[in-house]
Amino acid sequence: MIFPDEDDFDADAGFSVPEGDDEEGIDTGDQEALIWNLLVLINPGDEETALRQFAGWRDAMAEAGGDEDGALWMLKDAIDWSSGFYVDWKDSESLIDSVNQLAARWNIDIDWGGDPADEDFLDGVDVPGLMAVAYDRLREHGYTLWNWNTDGDAYAGWIALSRDDEGMQQLCAALGIELRPGSDAF
């Protein structure tokens, strides 16, 4: 197992691509190292959770015979509701619950612009609109809500420190993950 060099990640400074590297220069041959770096980014300051999720992802990969095409879906399962979200396209209530749970890790309460327990409020919002609200509220605290293309009728993503936005984009490009900020849902 290859973990990032200290030059690549510092708990106080965040993820950085070594000088001179860009998304074309990142070694895409070591998927485990890339996944590890992604887990570090979506679990800022919580290496224990990243290690637990990494072990779960590796176990799922081993069971699947190393099928790299399913790696993102196995990652989704390893991080679901602890460091990531995956909700049906019309399930506003689950998105609110999931993002609230993720944001609570940093003691952030999201103002959704209404009462999430009110059926009338939920009937008047959709998942992409709520993701945009969460994106804006999280940016105020130095975090970014990301969403990745599920190629289906669902929305999925995670939260990372805003200072790591460029590293997140480069890392996901190297992993072949089509990623956008939560303000621009797929």
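This is a predicted model: local features need pLDDT of at least 70, side-chain atom pairs count only at pLDDT 80 or more; totals for chains, interfaces and linings use all residues.
The structure holds five aromatic pairs, where rings of Phe, Tyr and Trp (its six-membered ring) pair if their centres lie within 6.5 Å, and where planes under 30 degrees apart count as stacked, over 60 as edge-to-face and the rest as tilted. Take W73 and Y86, whose ring centres are 5.8 Å apart with planes at 80°, so that this pair is edge-to-face. It links distant parts of the chain, since W73 sits in helix α3 while Y86 belongs to strand β3 (residues 84–88), 13 residues apart.

Now for W106 and Y143: their ring centres are 4.4 Å apart and their planes stand at 25°, so the pair is stacked. This pair also links distant parts of the chain, with W106 in the loop between α4 (92–104) and α5 (119–123) and Y143 in strand β4 (residues 143–148), 37 residues apart. Both W106 and Y143 are buried. Ring pairs also join W36, F54 and W57 into a cluster.

Residues are numbered from 1 along each chain as its sequence is written, and side-chain values use heavy atoms, with hydrogens and water left out.

As for the overall layout, the protein has seven helices and six strands, and along the sequence they follow the pattern β-β-α-α-α-β-α-α-α-β-β-α-β. Of the 186 residues in the protein, 46% are buried.

Let me return to α3, which is mostly covered, with seven of its nine residues buried. Those buried in α3 are A71, L72, M74, L75, K76, A78 and I79, and the buried residues of this helix pack against α1, α2 (47–63), β3, β4 and β5 (154–161). After α3 comes W81, whose phi is positive, near 65°.

How do α1 and α3 lie against one another? The axes of helix α1 (residues 31–42) and helix α3 (residues 71–79) come within 12 Å and cross at roughly 35°, where axes are lines fitted to C-alpha atoms, for helices over the stretch in contact, and angles run from 0 to 180 degrees between N-to-C directions. On the α1 side Q31, I35, L38, L39 and I42 meet A71, L75 and I79 of α3, contact being heavy atoms within 4.5 Å. The residues of this contact divide into seven nonpolar, one polar and no charged, with Ala, Val, Leu, Ile, Met, Phe, Trp, Tyr, Cys and Pro counted as nonpolar, Asp, Glu, Lys and Arg as charged, and the others, Gly among them, as polar.

Leaving aside neighbours within four places in sequence, Q31 is in contact with W57, M61, E68, A71 and L175.

Key:
Helices (H or I, at least four residues) and strands (E, at least two) are DSSP runs, numbered from the N terminus. Buried means under 20% relative accessible area, exposed over 50%, partly exposed in between (1.4 Å probe, protein chains only).
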